Amino acid sequence: MPSSSNVNIEEVLVSPLSTILSEMGKSIAQTQKAMDKNSIDTQIELSSDEVLKDYNLEATWYHLPEVDIELKMTLSMSYEEEKDSKGLVRGYKRILKAAPLNASYKSLNSYDVEGSSVLKAKIVSVPPSYRVTEE
């Protein structure tokens, strides 16, 4: 891993848009998991306490039914070589890269905020799919 003095801030901020969205989805899932674990731990505590279990208390469960996301960012297109098995370049794959628009990026790159893009996304929870198994 490069030392912090060798890391270019622009390289850290600019990522493929798919990576940014994927990481946001993972963060939301981790948040839901932490809330579920807290509810489970609370229920175990309520059930194992001799005084509290006589009251038939239930832990409260919290759920993120929907998360709206709005990001201001700069978007740029780059190309990545696609090579065949012999290592010859056979084409170029387009990659949409995004950088969050924040004070660091703006001052480092003298970026005009009016040229930014707004990405809006909605992540909605859905019931799990049920697989029908044949016997």
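Guide: Two strands pair if DSSP finds at least two bridges between them, and helices (H or I, at least four residues) and strands (E, at least two) are DSSP runs, numbered from the N terminus. This is a predicted model, in which local features need pLDDT of at least 70 and side-chain atom pairs count only at pLDDT 80 or more, while totals for chains, interfaces and linings use all residues. Residues are numbered from 1 along each chain as its sequence is written, and side-chain values use heavy atoms, with hydrogens and water left out.

Visitor: How many bridges join strand 2 to strand 4?

Guide: Strand 2 covers residues 66-83 and runs antiparallel to strand 4. In this arrangement Asp-68 stands opposite Lys-122 of strand 4. The number of bridges joining the two strands is eight.

Visitor: In what order do the four strands of the open sheet lie?

Guide: The pairing in this open sheet is antiparallel. Its edge strands, each pairing on one side only, are strand 1 (15-16) and strand 4 (117-124). The order of the four strands is 1-3-2-4.

Visitor: Is Gln-32 buried or exposed?

Guide: Gln-32 belongs to helix 2, residues 17-48. Buried means under 20% relative accessible area, exposed over 50%, and partly exposed in between (1.4 Å probe, protein chains only). Because its relative accessible area is 14%, Gln-32 is buried.

Visitor: How far apart in space are Ala-29 and Leu-64, C-alpha to C-alpha?

Guide: Ala-29 is also part of helix 2, and is partly exposed with a relative accessible area of 47%. In sequence, Ala-29 and Leu-64 are 35 residues apart. Their C-alpha to C-alpha separation in space is 9.2 Å.
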